[in-house]
Amino acid sequence: AVLNLPNTASQNDIRERYRALSVIFHPDKQHDQRTKDTAVATFLDIQKAYEVLSDPFLRCVTMPPFRPQGLKWKWPADLRSKDNEHIKAALDEWEFDRRHETLEQLLQPRGSVTCSINASSLFAKGDDSTSNSRNVLNRIRGIGTTTFGVRQNVTKRLGPKTTVAINGHAQTGPRNITRTLTGTLHHQLSPRFALEASFTPGFLQPQIIAAATTYNDNDNAVVLRSGFIPALWPAVPPFLTISVGRRLFRHAPAQGSATWTFSPGSPVGRLELNVHSSKPFDLTLPEEYTPAPDPAEPMFDNGPGSITGFGAGVGSWSYGLVLHGLESCFTVNYSVFLHELALRLKAGLEIGLRGAAYSISAKWNGKRSAFSTTAGVGNWGVFVRLELSYLRQKWALPIVLSPENNGTLALYSTIIPSTALALGYHFILKPRRRAQRATYFDAARRALKEERSAVMRDTENTILLLREPARRHVDTERAIGGLVILEATYGPASVDNETAGLDVDVTIPLQALVHKSQLYVSNKVPKSGIQGFCDPAPKVPKSLRVRYMFRDQMHYAEIPDLLPIVLPLRGKIRPLFQ
């Protein structure tokens with residue numbers, strides 16, 4: 001707008017208009033003091049506009065729909081090195097995400113579509129079906145839809161503590177059609193205490209009124225929920241659910257919960273007891289390092305992560321007991337979430353009065369989409385469930401493979417998804433993980449050479465100042481056969497083609513730290529903060545590699561970033577005089 005040019009203007013057009021306007025508004029050309037201040041301000045705007053439009057990247061981020069706000073946003077550093085097509089594609093994706101986030105903040109829509117399929121005819125035995133059951137076409141024709149349901153939820157924030165939600169649900173079955181519409185009002189009275197009320201109008205189904213109250217602090221949680229049908233009151237008493245949860249140990253994340261549900265159809269009620277816990281793991285940390293216990297939810301920030309993608313995650317387990325007549329059972333569940341792959345694997349086992357059942361599942365979460373698959377076996381049969389989510393909209397496809405516990409079919413329903421998961425990891429997830437690591441280290445390499453040139457200059461100047469003290473320490477230690485640092489580098493812990501060129505020579509800084517044949521630096525001080533050191537790759541697990549002489553013998557030490565520097569290594573120290 002400052003240069004009055006169209007979005008399609010070429011660089012020559014921009015240059016010519018800049019020169020023409022600069023001559024008009026240049027401060028040296030102004031002789032009237034009344035217009036000079038205006039001319040100076042306009043000239044500065046022209047200069048700034050020319051600098052922006054002369055830079056291909058800045059020109060892209062100031063085009064519609066970004067406008068001048070695009071200069072204020074923080075863009076990825078590696079985006080500047082891309083060509084115009086990649087920049088435009090990245091900006092289009094960013095604009096799509098921004099619009100989606102704006103829509104989500106306004107309405108927070110959630111929806112699901114569930115289509116249940118009965119495919120048991122494909123695997124039915126000849127004796128259990130018609131005489132033509134072995135015919136492939138007849139088996140395919142036997143596949144049918146049992147239920148089809150649609151659910152949509154829209155949430156609107158009325159204030160900082162109050163939200164209102166409308167939930168609609170419709171489902172068709174072999175004999176009936178169910179339709180419900182429910183409105184819910186949620187108000188947060190305090191950080192620990194909340195109230196909720198819901199109402200289902202009576203023009204679609206019997207009118208239902210429900211209310212709930214929740215109390216939650218760091219260690220305890222209580223939920224009380226109740227509801228009733230006014231048209232059937234007092235013949236049908238209200239349903240009631242009471243749930244109590246508590247953290248079991250002060251220094252451990254294990255939690256226990258008890259839930260009792262009373263409904264008109266179950267006078268005794270249903271009691272559920274559950275104990276669950278989770279523990280984060282990070283295999284990129286050194287074995288000798290023991291992090292302080294933190295019951296809070298773990299936040300992983302291990303930079304590029306591991307090559308395999310199995311480096312960091314959370315392992316969770318739970319045990320449960322359900323007491324409800326013939327439905328009483330004991331449940332065990334274990335899951336592991338692989339943070340670097342955004343993949344969750346889960347296995348569950350249920351043993352009850354009606355028999356045993358088990359299930360396995362895998363779920364992958366992307367930035368805007370997710371996919372999961374579950375296979376289960378029990379006395380009710382064999383099933384497979386597929387789910388696809390995109391922008392908070394979910395499509396579910398439960399498939400019944402057999403109405404009875406078929407051992408052979410259960411084996412295949414477990415092996416096939418597991419094989420598909422292994423192939424997907426090998427051909428999709430693992431190559432993507434390697435590409436992410438390569439991109440991260442390329443950016444770190446560029447930053448080390450370009451953006452951090454000032455930091456590198458300061459480091460080099462510090463090394464020059466340490467050169468003479470380091471030489472004196474080496475001469476002194478060599479004369480008594482003490483600790484002599486021969487070579488030392490500081491860089492990424494993993495050594496491969498991706499991390500090549502990211503090691504920093506720290507021989508002189510370490511030589512200057514040797515005192516009386518000893519070298520000690522606490523792990524409370526980051527190694528990148530030692531004089532003469534710098535961080536070649538932020539957020540990447542790093543190690544210090546040292547070759548040194550002690551008592552005229554060659555030694556090698558590799559010290560992870562989170563451990564203190566102690567040289568000579570334990571077991572290598574001998575008395576100076578015997």
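Buried means under 20% relative accessible area. The views below come from a predicted model.

**View 1. Arg551 in the loop between strands E21 and E22**. Strand E21 covers 542-550 and strand E22 covers 553-560, with Arg551 in the loop between them. The relative accessible area of Arg551 is 16%, so this residue counts as buried. Its phi is near 55°, a positive value in a residue other than glycine.

**View 2. Ser517 in the loop between helix H8 and strand E20**. Ser517 has a positive phi near 60° and is not a glycine. With a relative accessible area of 6%, Ser517 is buried. Most residues other than glycine have a negative phi, and most peptide bonds are trans.

**View 3. The cis peptide bond between Leu567 and Pro568**. Omega of this bond is about 0°. Pro568 belongs to the segment after strand E23 (565-567).

**View 4. Ser413 and its contacts**. Ser413 is part of helix H6, which spans residues 407-451. Leaving aside residues up to four places away in sequence, Ser413 touches Ala375, Val377, Val382, Val384 and Leu401. Ser413 counts as buried because its relative accessibility is 7%.

**View 5. A positive surface patch that includes Lys394**. Lys394 forms the patch together with Arg344, Lys346 and Lys363. Strand E17 (residues 393-402) contains Lys394. The relative accessibility of Lys394 is 30%, so this residue counts as partly exposed.

Definitions and conventions:
Residues are numbered from 1 along each chain as its sequence is written. This is a predicted model: local features need pLDDT of at least 70, side-chain atom pairs count only at pLDDT 80 or more; totals for chains, interfaces and linings use all residues. Side-chain values use heavy atoms; hydrogens and water are left out. Patches are made of residues with over 30% relative accessible area and no salt bridge: like charges are joined within 9 Å, nonpolar side chains (Val, Leu, Ile, Met, Phe, Trp, Tyr) within 5 Å. Accessible areas come from the Shrake-Rupley method with a 1.4 Å probe; for residues, only the protein chains shown count as cover. A salt bridge is a side-chain nitrogen of Lys or Arg within 4 Å of a carboxyl oxygen of Asp or Glu. Lys and Arg count as positive and Asp and Glu as negative; His and the chain ends are not counted. The place of a charge is taken as NZ of Lys, CZ of Arg, CG of Asp or CD of Glu. Helices (H or I, at least four residues) and strands (E, at least two) are DSSP runs, numbered from the N terminus. Buried means under 20% relative accessible area, exposed over 50%, partly exposed in between (1.4 Å probe, protein chains only). Contact means heavy atoms within 4.5 Å.
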